[in-house]
Structure formats: structure tokens, C-alpha cells
Amino acid sequence: QFFWRLAGKEREAEKMLRIKQRERVYGDASLTAVSTSSQAQDEFDRNVPRICGVCGDKATGFHFNAMTCEGCKGFFRRSMKRKASFTCPFNGNCTITKDNRRHCQACRLKRCVDIGMMKEFILTDEEVQRKKDLIQKRKDEEAMKEAQRPRLTEEQQNIIALLVEAHHKTYDDSYSDFSRFRPPVREGPVTRSASRAASLHSLSDASSDSFSHSPDSGDSKMNLGSLLMMYQEQGSSPDSADDENSRLSMLPHLADLVSYSIQKVIGFAKMIPGFRDLTAEDQIALLKSSAIEVIMLRSNQSFSLEDMSWSCGGPDFKYCVNDVTKAGHTLELLEPLVKFQVGLKKLNLHEEEHVLLMAICLLSPDRPGIQDHAKVEVLQDRLSEILQAYIRINHPGGRLLYAKMIQKLADLRSLNEEHSKQYRSLSFQPEHSMQLTPLVLEVFGGQVT
Ligand SMILES: [Zn+2]
Ligand SMILES: [Zn+2]
């Protein structure tokens, strides 16, 4: 006799309620039955005593709605499938234990039902097959997705690896060569230096604070604006501004630094796949017009948002805006340059993206004096494609990153223009141009038109 046949409507309703409750807890009732001893469920039921509710043996999880051992789970399923009817040889209230559970099937089954096991939780063979098919289908779909996932081609991966290597060979993180440059001289009246240092410090505090709150440079504008004002005030201050301006104490050191950087940029360019296949004239034209932009890009590696300066080793080689003004540049260049550095830094580029951006910058076909425009464009397009693919595949959340990087290239054009302007006026003064190196004079000198 089946116990649930004896059970009244009320008991039936109670059972369904319990199914519903379990569905709510585990999501899908049929899933519960399939993954009876799944790990997730074990985790979930950690607090429930892991003892079979039927026989007291070690339980393996919930089976057909009750915590049981594998033996009682199998017994219940077999009994239900066979629609077996058992009769107790004793008086119908045998105590079921691990050792005697085989002795009285009737009482064992009764115990199963009493602790809540339900045939509704047993899947039919077709259901089992459907479930298996579904799992297989999901696996197949997963495998197909994996196969269709965009991937960098081997050639693209090689190019990235070459560029990263080229950068490592031409960018020394230790900045150990800087001590060979003519030494930096940061002279000027003590009181003014001190007050500048103080204002720069408070400025950097304020800016680093605002950067962490606003991802876009709305707030930093104000800081850079105040930076601009601060220097204008100092510029018009009565004490020896002209004198200091004519000395340009940082010029020898920074001229050597720029000259050194140009050499490194040339080294990097030569290792960009395809660059050496261009004519010598086109290589030179590309380098002359992009060198300062690539220097600005690569210097971002040493730029620090905390103090808005370029830190290249010890305190001697830590350059703030003030230092660069002592090499003849004004805030008309330095204000947008710092803003550029801040914006670029906040893109948090991967090294792969950083080197690709430098290579793309170098291979711009629209530079003045380029003869084989098409050939340069092919090289640049290939790099742009790699960059876009790289971002899509490897930079989660980088949906807009490519566009932002291209915007940085546009910013570099106007920085380049302002730099040329300031460089020209500097180079017209012999006492200053004599401090420059032959390489700087050659690269920044005669503009290709
Ligand atoms: Zn058991
Ligand atoms: Zn019995």
C-alpha cells in the first residue's frame, strides 16, 4: 500500500507547499533532484546534520526532498519505479538502522515518506535524458562561444611582443643614464622657491584628491587654472624675473634629456615592424615631426599624479612644471602638457596599449613631408587594428578606450605645435641655442614643410 494514497487532501497540499518552498530555496525543483549531492547544495546545507533521516547512516545530501544516504536514496527510487507494495512482517513500527535497514522494506519506505521523500522528485528516464541533453547542449554552446571568441592572430601577437621588447630596450626604468647629462640647476631666490614649493605641494594635494573622486578632468581644470595664475603672478613679480629668465638654469640638463630621449625614440622607431622598409626620407620626416609627441607619450611612464611631476630616480631627476619653465618653456605649453599627462595616466593603459599608441603616433601618414603616404598609412592601420582588437579582447571595460586614445593623439598635435613655437623663439637666441645638442637642433630645427 502506498502511504500517499492513504494521505488525505490536506497532506497532499502540505507536500506541494513544501515542494514550492524548496523550489524557492534551490530555484528549480527538478534540478534539485538531479544534482542531489552537488557541491553547491552541500555548501548550502552545511548546517544540517549529515545523517540519513531513514537509517542513521552517513548522508550524502538531499535526495528526493530529504537528507539521506545513498542506500536509502536508491531504495526509495527503486521502490517507486517498481510501484512496490511492502508488508511489514512485524507490527509495522520497526526501527530502521544502518545495519537492519534491509530487513523490513515496508517500514523503511514508511520512514522515507515520513521524513518527506517524494516520488515527485524522481525524474523519469525521459526527464533524465532531457536533462543530460540539455547539459550537453550547454557544453556545446560554451565550446562554440569559446571557439568564436575574438582572438589576436599570431602575427598581431608577434607585433605586440616586438613593440613591447623595443620599448624595454629603449626605455630604462632605472634612469641611470640621467647622471651623465649636464647637471640640473634649480637656482632662484630661496624665499620664492620655498613659496613655490609650498603652493605646488598644496596644489598636488588638492588635485590628487579631486582625481580620485572624478574620473574626468572637470576638477583638475581648476587646479591647472590656479597653477597658471600662480605663475603669472610670479612672472610679473618685481624681483629679478628677467634675470632668471635669461639664465634658464635647467636648459642644459633638459636639453640633454630631450636629446637622449630623441635617440631612444629613434631606436624604438627602427624596431617597429615595417618602419625600416620606408625610404630614409620618410623615416626622417616621421621622426622629425613625431619625436616630441612620442617623448611626451613615453614620459607618462614617469609622471606621477600624486605630485604632478616626472620622477626619474632621485630628487635631482624629479621634474616639476617649475623646472621646465627654467628651460625656457612657458605655461602655454606646460599647462596643457600636464593636463595631457594627467588624462593619459588616468586611462591606466596596459603596457601593450602604451607601446602601440607610441607606434601609431610615430607612423602617422599625415605628417609634413611624407612621400609614400599610402605605405605609412598601411602600417598605421595595421597597428590601429591591433590596438582595437587588443582592447576588445584584453581590456575589460575598455569600450571607449580606443576613442580616448585617439583623442590623446589629437591633443599631442596641438602640444607639438605649441612646443615648436616655443622652441623656435628659444633657438633664435644664440645664448640659449648654444646649450642645445646637435641632435636636438637637427630634429627640432629645420621644419619639414
Ligand atoms: Zn539510509
Ligand atoms: Zn517493519
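In helix H15, the buried set includes Leu331, Leu333, Leu334, Leu337, Val338, Phe340, Gln341, Val342, Gly343 and Leu344. The helix itself covers residues 331-345, 15 residues in total. From its first C-alpha to its last, H15 reaches 20 Å, close to the 21 Å expected at 1.5 Å a residue. All of this comes from a predicted model.

Helix H13 (residues 280-298) is another story, with a kink of about 55° centred on serine 290. Burial is the rule along H13 too: 15 of its 19 residues are buried, leaving the helix mostly covered.

Then there are the metals. For reference, the ideal angle for four tetrahedral donors is 109.5 degrees.

The zinc ion (ligand 2) is coordinated by the SG atoms of Cys88, Cys94, Cys104 and Cys107, at 2.2 to 2.4 Å. Its site is tetrahedral as well, with angles of 105 to 119° among the four donor atoms. The sequence spacing of these donors reads C-x5-C-x9-C-x2-C. Cysteine 94 and cysteine 104 both lie in the loop between H5 and helix H6 (105-114), so the pair ties together parts that are ten residues apart in sequence. As for cover, cysteine 94 is partly exposed, with a relative accessible area of 24%, whereas cysteine 104 counts as buried at 3% relative accessibility.

Zooming out to the whole chain, the fold has 20 helices and five strands. Of its 449 residues, 45% count as buried. Among contacts in the chain with a separation of 6 or more, residues 24 or more positions apart account for 73%. The chain exposes about 24,300 Å², and carbon and sulfur atoms supply 53% of that area.

How values were computed
Residues numbered from 1 in each chain as written. Chains lettered and ligands numbered in written order. Predicted model: local features only at pLDDT ≥ 70, side-chain atom pairs only at ≥ 80, totals over all residues. Heavy atoms only, no water. Bend = angle between axes of the 7 residues up to and from the residue. Helix = DSSP H or I, 4+ residues; strand = E, 2+ residues; numbered from the N terminus. Buried < 20%, exposed > 50% of the residue type's maximum accessible area, 1.4 Å probe, protein only. Donors = N, O, S within 2.8 Å, 3.2 Å for Na, K, Ca; no water. Tetrahedral: all angles 85-135°; square planar, octahedral: opposite > 155°, others 65-115°. Expected span 1.5 Å × (residues − 1). Contact = heavy atoms within 4.5 Å. Areas by Shrake-Rupley, 256 points an atom, 1.4 Å probe, with all protein chains shown as cover.
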